[in-house]
Each structure stands twice: as structure tokens, then as C-alpha cells.
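Subject: Structure handover

Dear colleague,

I am handing over the structure below. My notes on what was found in it follow.

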Amino acid sequence: MTDTSKEIYDFDRVVDRKGSHSSKYAATQGLMSDYEEIIPLWVADMDFETPKVIRDAVIKHITDHPVLGYSVPPKEYYETLKEWFHSEYGLEIELPEIEFTPGVVAALYKLLECLTEKGDGVAIMPPVYFPFADVINGSGRREVTAPLLIKNERYYIDWNRLENALKESKVLVLCHPHNPGGRVWETEELERIAALAKKYGVTVISDEIHGDLTYPAHKHRPFPSIGVEAREVGLSLMAPSKFFNMPGLVASHMYIPDPDLRKRVFGYFEANHLSTADCFTFDAVIAAYRHAGGWAKAASAYCEKNVAYVSDFLRDELQGQVGMIRPEASFLVFLDFRRAGFSSPTELHEFIIRKAGVLMNEGSTFGEGGAFFMRLNVGTSRSVLEEVMRRLKKALSERKEGK
């Protein structure tokens, strides 16, 4: 895949997103803070301009095709994804193994409808992306948890609890890489998950939306590609939205190599008419995967440096008062305030908004083990991030002094 874009990657430039109907900024309305302007670094989109080659593809489609009619994925869409699997994952896949879906969370809901019945157990490993629990409970399924363990600022699977959870579940929803912790699961761990899933007749739905943002020291492998057992029990949910910073265009895809599972799932999605998208979406996705890879990798590298900056700041300026789970992928940092002396997660959340003027995700929303954590989005310009950390230091210092 080549990047033919001529744009200069200026991630230091602050982009004004006001007036764009951004959910990130809309959430600050009505919040009380000592600062005139709250900095929103919560929802997982980046503040960088979406690559021009993607925006141009949208404009070109609308200009060339003035009828905004119903659309279906063209063959070139699937061929582009096949090329990406080859270039990025080293996999040779067949076109019928991929299918378009209108967003990862929406696909997850329909997958639970397809693969389970009301009341069935669905396993997750919290603290984890909170829509998992929302979808499980909202669809009438039963949430079964196997909370992760923390060792040396890194998450690990509690294998005893996971096995017990799978014994009473029909599906495991795996966050791969993990959100909010940024953990990239190792091959041996994924193989062990696959073996347990096969043992207990569990289907693994692997949410891999952050997979392409894996840092160079680690490697992302789609779950079904791990081995024979993973291929039999698993499917991947993927999307261009995070890597190319285009979540406002609703597009994602499933990868299912097992023919029996594929027939069951793809047939259900087809029966529910879930293969349509905005008429310009497919051209934008093709442009992203074929021409914006250089931009996306540069943005990811910039975010990794932002993570390092936050880590150094916590160590040097806050002297361990606040810790963090060190991510191995993506642009999300799970800040650890357990030693900061707050009486409740609510007090912590309100303090960060009012006294630091920053909106982050409150950790307990991610489930068990998330209390007294805050998820910070570092996918922003360094100057903005520096201001956030200055505000945080000032607020904590004043709190310590009783101001």
C-alpha cells in the first residue's frame, strides 16, 4: 500500500473543532469549571486533521455523483481490505471472508443476537470498553466478568476467573488490543484463549478497532489467524476509524475465515440488511487503506511520543502521585489516581473537570477495577497536552495545600 498524499504531517498544529457537531466538544456544554474553557480529551477520536486524501475522496464522490442514492460495497472495497491484510498482517485471505458492517458496536449487538439467546452468558474482561456491557445488558444477555489483574502498570488475564466465566458463557467479547489499558495480547495468550473457548463451546468476538495503532515494539495479529482453534471459534471486528481518524464515517468490517461460522453470521447480517453505508463511505475507506497509511503511522508515532511525555511528567512533576497503565497500542492512557486520596470516583471525576478544566472518561464506567482511574486521550497536539498536564499539576498541588 502506498501513501500518495502530498500533505505535510503537522500534528503540532491545533485544529479548531468547534462548530463541527463534535461529540467530544458537545459533552463539555453545561459543565462547571474554574476554567473558562474545558479541554475535552475523552472520546477516542484524534484532534488531527483527517488525511486530505480521504477528505478528497468524499468530495470527489459527491461532485462526480450528484445523486446521493443507496449504495453497496464495490468489489474494490473488498480487494483493498485483502491488500491491507497482506501488507500489514502477512495474511492471504479470500474476499468472501470479509463483510462490511455499519460500525463495530452495532455489529457487536447484531452478533449477540445471531450467536446467543436472551439470558445467555457473555463474558468480558473488565475494566474494558464500556459499550460491551451496555450491548450485553441492552440485548437481554447476561454479563459474566473475568476482571483483569494489574502487575507493574500492565494488565494480565486472570486465567482461573476467565475459565470460570467461559463455563457459563456462549460468547467472549475480547478487546484486542485492550481498551482502556492499551494492552497488546501476546500470541501465547491468544492461543490459550482460543483453547479455552473451544473447550467450552464459546465463540470469540475480537474487537480489533485499535489493532492498526499497535506500537512497533509489539505486533497485532487478527485473532482468527492465531491458529487452528482460533480460526474455528473466532471472528474479528475491524475498522479504519481510529487509525485514519475517520470515525465520523461509519464503516467497519468482519473477518471470519471459518466457513460454518461465516455462513451463519453473514447470512444473519444479510437478512437484517446491514451491508449498506453512506454513498461516499466506500470511496473514503478505499482511499484510506490505499493512500493514507504513511499519515496514519506518523500520527501513531506522534501519539506514542505523547504517551512518553505523559509518563515522564507523572514521574518528574507529580512524583508518583498519579500513575498510569503504559499502553502498547493506540492513543489512550489509563491514569491511576488510587494513591491521590480521593474518597470516590465521582469526587475524582468532578475534581478533574472543575479544578483542572479537563474532561476525561471516568474509570469506573469501564467496570470492575476501573475505580479511581481516568482515561486520557493523548491523540492531540503536544501544546494542548502540555496545558492539560500543567492544569492537572496545579489542581493537585492546590488540593494538597488545602486551597
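Two strands are taken to pair if DSSP finds at least two bridges between them. In this predicted model, β11 and strand β12 (residues 332–336) meet that condition with three bridges, in the antiparallel sense. Within this pair, I325 stands opposite F334 in β12.

The four-stranded sheet

β11 and β12 belong to an open sheet of four strands, ordered β11-β12-β15-β14, with antiparallel pairing. β11 (323–325) and β14 (361–362) each have a single partner strand, so one side of each is left without a neighbour in the sheet. Two helices contact these strands. α11 lies across β11, β12 and β15 (373–377), and its direction is at about 150° to β11. Helix α12 (residues 345–356) also packs on the sheet, where it touches β14 and β15. The direction of α12 makes about 35° with that of β15.

Is N306 buried or exposed? N306 has a relative accessible area of 0% and is therefore buried, the cut-off for that term being under 20%. Leaving aside residues up to four places away in sequence, N306 touches V378, T380, R382 and L385.

The seven-stranded sheet

The other sheet to report is also open, with seven strands in the order β2-β10-β9-β8-β7-β3-β4 and mixed pairing. Its edge strands are β2 (98–101) and β4 (142–145), each of which pairs on one side only. On average, neighbouring strands of this sheet are turned by 25° against each other, direction ignored.

Both senses of pairing can be followed along the order. Strand β3 (residues 121–124) runs parallel to strand β7 (residues 171–175), and two bridges join them. V122 stands opposite V171 in β7. β8 and β9 are also paired in the parallel sense, over four bridges, and I205 has L235 of β9 as its bridge partner. β9 and β10, by contrast, pair in the antiparallel sense, over three bridges. There, L237 has M254 of β10 as its bridge partner.

How many residues of strand β9 (residues 234–238) are buried? The count is five of five. Both faces of β9 are covered, with G234, S236 and M238 buried on one side and L235 and L237 on the other.

T214 sits in the loop between β8 (203–207) and α8 (228–233). T214 is buried because its relative accessible area, 15%, falls under the 20% cut-off. The side chain of T214 reaches the backbone oxygen of G211 at 2.7 Å. With residues up to four places away in sequence not counted, T214 touches P177, V184, K219, H220, E328 and A329.

Helix packing

Helix α4 (residues 104–115) takes part in two helix contacts to report here. With helix α9 (residues 259–271), the axes come within 10 Å and cross at roughly 115°, and the crossing is right-handed. On the α4 side the contact is made by A107, K110, L111, E113, C114 and L115, and on the α9 side by L261, R264, V265, Y268 and F269. These residues divide into eight nonpolar, no polar and three charged.

With helix α5 (residues 131–138), the axes again come within 10 Å, and the crossing angle is roughly 35°. This crossing, too, is right-handed. V105, L108, Y109 and L112 of α4 meet P131, F132, V135, I136 and G138 of α5. Eight of the contact residues are nonpolar, one is polar and none is charged.

Lastly, helix α10 (residues 281–291) is mostly covered, with nine of its 11 residues buried. The buried ones are T281, F282, A284, V285, I286, A287, A288, Y289 and R290. What covers them includes α2 (52–64), α3 (75–89), β2, β10 (252–255) and α11 (293–316).

Regards

Terms used: Residues are numbered from 1 along each chain as its sequence is written. This is a predicted model: local features need pLDDT of at least 70, side-chain atom pairs count only at pLDDT 80 or more; totals for chains, interfaces and linings use all residues. Side-chain values use heavy atoms; hydrogens and water are left out. Axes are lines fitted to C-alpha atoms, for helices over the stretch in contact, and angles run from 0 to 180 degrees between N-to-C directions. A crossing is left-handed if the near helix is turned anticlockwise from the far one by less than a right angle, and right-handed if clockwise. Contact means heavy atoms within 4.5 Å. Ala, Val, Leu, Ile, Met, Phe, Trp, Tyr, Cys and Pro count as nonpolar, Asp, Glu, Lys and Arg as charged, and the others, Gly among them, as polar. Buried means under 20% relative accessible area, exposed over 50%, partly exposed in between (1.4 Å probe, protein chains only). A polar contact is a pair of N or O atoms within 3.5 Å; within protein, one must be able to donate a hydrogen and the other to accept it, and residues adjacent in sequence count only if both atoms are side-chain atoms.
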